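The exercises below each set a task and then work through it step by step. Please have the sequence and the model open while reading.

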Amino acid sequence: MRFLIYRYHPEKDQKPYMQAFELDGLDKNKMLRDALLLIKKQDESFTFRHSCGEGVCGSDALNINGTNGLACITPLSSLKEPVEVRPLPGMPVIRDLVVDMAQFYKHYREVKPYLVVTDPEPEVEFKQSPEERSKLDGLYECILCGCCTTACPSFWWNPEKFRGPAALLQAYRFLADSRDQAHDKRLEELDGPYRMFRCHTIMNCVNVCPKGLNPTEAIHNIKRMMMKDVV
Amino acid sequence: MTLARRKFDTLVIGAGGGGLRAALQLAQADAKVAVVSKVFPTRSHTVAAQGGINAALANVLPDNWHWHMYDTIKGSDYLGDQDAIEYMCRAASNLVVELEHAGVPFSRLENGNIYQRPFGGQSQDFGGKQAARTCAAADRTGHAILHTLYQQNIRAKTHFFDEYFAIDLIKDEEGVILGALVMSIETGEPLLIEAKTTLLATGGAGQLFRTNTNAHINTGDGLAMALRAGIPLQDMEFFQFHPTGIAGKGMLISEAARGEGGYLTNKNGERFMERYAPNAKDLASRDVVSRAIFIEVQEGRGCGPSGDYVNLNINHLGEEVLNKRLPAICDSIRTFLRVDPAKDPVPIYPTAHYTMGGIPTNRQGQVVVPIEHGEEPIPGLYAVGECACVSVHGANRLGGNSLLDIVVFGRAAGNDIIGYLREHRYHRPINESDVEQAMAHLTRWDRKGDGISVAGLRGELQAIMEKYCGVFRTEEILQQGLEKVLEIEQRLDDVVLYDHSKIFNTARIEAFELENLVDIALATVKSALSRQESRGAHSRVDYPERDDKHWLKHSLFYKQDRRMAYKPVRLKPLTVDTFPPKERVY
Ligand SMILES: Cc1cc2nc3c(=O)[nH]c(=O)nc-3n(C[C@H](O)[C@H](O)[C@H](O)COP(=O)(O)OP(=O)(O)OC[C@H]3O[C@@H](n4cnc5c(N)ncnc54)[C@H](O)[C@@H]3O)c2cc1C
Ligand code: SF4
């Protein structure tokens with residue numbers, strides 16, 4: 001199988017280039033991560049992040065044949081040759097496929113992604129009905145891989161100001177939690193022309209999320225909450 | 001070269017559930033905490049835990065902590081320390097409620113309480129009917145807990161060193177631990193973190209074995225750091241093989257699959273667990289089920305063209321249960337096996353899963369070493385989680401007890417450190433000589449020339465451990481295993497790196513990890529060879545019985561001279577009566 005891999009080594013290279021690799025006798029039932037590991041065996045200087053190998057840690061988000069996804073759950077059989085593998089778009093490249101995620105994490109922290117309760121805490125669990133709990137499905141499963149945010153043109157244009165789909169999905173995860181008591185504050189902080197309203201419903205995020213989550217819908221729901229609060 | 005330094009009250013190495021729970025306790029008490037992790041915190045392997053966390057909330061069936069305690073001791077094959085187990089089981093309900101208050105999205109029952117499911121080895125009334133003790137967020141409980149703990153640490157303004165690799169502990173002449181030498185993976189620069197206390201929470205060492213449920217990063221670094229600091233490792237012969245890994249690949253299918261009603265069959269369609277564990281059947285303890293599968297396959301009743309696996313059946317549970325209770329597992333099965341779990345059985349086989357042994361600690365998370373009479377803490381050093389051995393899991397861990405272990409002892413260690421910091425207000429000076437050994441370890445990999453590759457040797461080691469230190473063991477096989485691992489240790493000297501660059505050099509990181517794995521492999525094989533009995537996960541074909549007269553004791557392996565020592569099991573609980581060892585039937 002043929003691969004074209006983005007290479008850039010800041011200590012050696014003036015600029016990035018694409019390097020071709022050929023792997024013989026690959027089992028196409030294997031995942032892209034397995035192939036990348038074989039390439040690393042040939043050339044130990046080739047660098048990418050990976051860990052759990054089963055799509056839960058979110059380390060190996062890459063741009064694969066033009067679409068963002070996780071290498072460890074992308075079957076080789078689904079890929080057209082030559083397989084072009086690049087780092088997540090729009091992010092500063094540290095080396096080869098490794099990007100600097102600092103901005104992405106900063107937006108995540110900015111939405112205060114934690115439950116806020118001001119009432120005194122009981123000695124038992126807060127009650128939450130199965131219906132209330134089901135509102136968190138499709139939100140809490142996010143693995144912070146960054147596939148969505150780095151596929152979003154609004155984020156490419158305003159990386160410092162627009163929170164991006166992943167952070168906004170998390171903002172909504174807490175807005176949707178029946179236990180949370182920072183509702184108004186959260187909405188207030190998302191107001192203004194940039195933080196959320198830069199979303200132009202391009203929907204790239206929805207198409208690439210490896211966990212099948214829907215940030216666009218979450219953003220839509222936040223907007224509805226804001227409208228309701230105004231009326 | 002001047003070494004960059006940072007100073008904190010306390011250093012936590014590891015940002016899994018154990019490290020983050022401790023850090024949270026400390027940050028909330030206004031201690032200055034640094035958390036070092038070789039991956040971004042939410043990528044730690046706690047994220048992969050599926051089934052749930054045990055606590056006798058009695059939300060579904062009658063339950064209490066004392067029954068939980070009994071099950072844990074029996075599950076441990078009586079090697080668990082009963083004081084630590086009582087402590088953990090008593091604390092469980094509060095800790096789970098605390099997690100819920102912190103935001104963990106547990107699944108819910110109709111009345112709004114936390115959902116609980118049955119798991120292996122659980123009983124009501126000291127060995128009676130099946131209990132339902134495992135609190136779950138669908139089958140993503142570890143993810144839910146890890147993300148919540150990270151989020152609360154963001155709130156508490158914990159200081160994170162993400163993608164920093166810890167190389168070695170720093171110890172002064174009096175044996176006090178003063179922090180650690182770490183390295184920024186991004187820049188390749190070393191950094192000395194000075195701290196009044198250091199907590200190891202570096203997780204397990206599943207990468208010892210070729211087929212495992214662990215992440216690539218689970219290389220037991222903290223265990224090897226302790227060994228190099230002269231600290232022994234406890235009970236390393238007890239490595240858990242989870243019965244239901246995806247055959248040939250290793251990804252875990254949680255015990256929750258059987259907890260929700262799944263069962264195992266052999267090639268004749270027989271529910272063979274009925275023969276091995278007439279009462280608990282498919283929900284017997286993990287060591288029991290793993291051995292049963294192994295025997296079925298060995299005796300020619302395995303499924304598939306090569307007869308090398310058995311089937312897990314969950315297709316009768318119906319789409320609703322599968323989607324609501326086991327969604328992530330079903331995804332995994334579809335992705336990695338291309339099988340539809342709602343229609344077809346799932347091929348499974350035992351796979352290396354959990355490190356029961358580890359760095360010996362007491363209930364407060366202090367690392368302890370034997371002295372002439374009893375034991376004493378190493379000043380300034382703590383350990384919690386899968387890298388530690390308290391020991392609440394003894395010879396065999398019950399499912400759902402590890403997530404509990406990490407939060408209970410993470411919190412306890414945090415509290416003890418707060419007390420320690422009150423009594424030790426100032427940093428002790430670090431001398432050049434205290435750092436030398438760690439620096440030498442770092443520069444060892446600068447060596448150039450020709451030699452063997454890191455990845456190659458890692459693969460060989462894993463294959464050896466799988467073959468010579470697996471589910472069933474004998475003197476002869478273990479002896480061969482020991483020789484082979486010693487040979488690998490020798491060849492470590494011939495390993496060289498071809499990539500000597502600084503920036504994000506993962507090859508160098510993997511070289512450190514390989515060294516660590518070799519140390520731990522030796523500890524594991526040597527401890528297994530020494531223990532001449534069968535107990536929990538350690539099955540010796542040549543010594544098939546448990547031997548309480550000679551072996552009701554913890555093993556300790558020292559790196560120096562590869563020496564073994566032993567210490568007694570703590571059979572006396574805190575307040576209740578001892579559960580004396582008796583025959584273990586499920
Ligand atoms: C697939 C799977 C499913 C499981 N399901 C369950 C379950 O349902 N219930 C249950 O109770 N238990 C379960 N377990 C077990 C449980 O998840 C683990 O034992 C537990 O999460 C370990 O937590 P920890 O904090 O000790 O370590 P980890 O979560 O592994 O974290 C280790 C941390 O240490 C860091 N680290 C390691 N080495 C270094 C170094 N050299 N330098 C810097 N940082 C380092 C890592 O970056 C990471 O942050 C499961 C385990 C697996 C593998
Ligand atoms: S929403 Fe999906 S794509 Fe975006 S970070 Fe989360 S898991 Fe990744």
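**Exercise 1.** Is B:His101 buried or exposed?

*Solution.* The model is a predicted one, in which local features need pLDDT of at least 70 and side-chain atom pairs count only at pLDDT 80 or more, while totals for chains, interfaces and linings use all residues. Residues are numbered from 1 along each chain as its sequence is written, chains are lettered from A and ligands numbered from 1 in the order in which they are written, and side-chain values use heavy atoms, with hydrogens and water left out.

Step two is the relative accessible area, which is 8%, so B:His101 is buried (buried is under 20%, exposed over 50%, partly exposed in between, with a 1.4 Å probe and protein chains only). Step three turns to chain A, where the side chain of B:His101 reaches the backbone oxygen of A:Val124 at 2.8 Å.

**Exercise 2.** Identify which residues come nearest to ligand 1, and which element gives the largest share of its shell.

*Solution.* Around ligand 1 there are 37 residues, of which B:Ser44, B:Thr46, B:Glu386, B:Ser402 and B:Leu403 come nearest (a residue is near a molecule or strand if one of its heavy atoms lies within 4 Å of it). By class, the shell holds 13 nonpolar, 20 polar and 4 charged residues. The largest share, 4 residues, comes from H11(B).

**Exercise 3.** Determine how the rings of A:Phe46 and A:Phe48 are arranged.

*Solution.* A pair of aromatic rings is described by the distance of the centres and the angle of the planes. For A:Phe46 and A:Phe48 the centres are 5.3 Å apart and the planes at 25°, so the pair is stacked (rings of Phe, Tyr and Trp, the last by its six-membered ring, pair if their centres lie within 6.5 Å; planes under 30 degrees apart are stacked, over 60 edge-to-face and the rest tilted). A:Phe46 counts as buried at 0% relative accessibility, and A:Phe48 likewise at 3%. In chain B, by comparison, B:Phe209 and B:Phe239 form a tilted pair, 4.8 Å centre to centre with 55° between the planes.

How values were computed
Helix = DSSP H or I, 4+ residues; strand = E, 2+ residues; numbered from the N terminus. Nonpolar A, V, L, I, M, F, W, Y, C, P; charged D, E, K, R; others polar. Polar contact = N/O pair within 3.5 Å; in protein donor to acceptor, adjacent residues only side chain to side chain.
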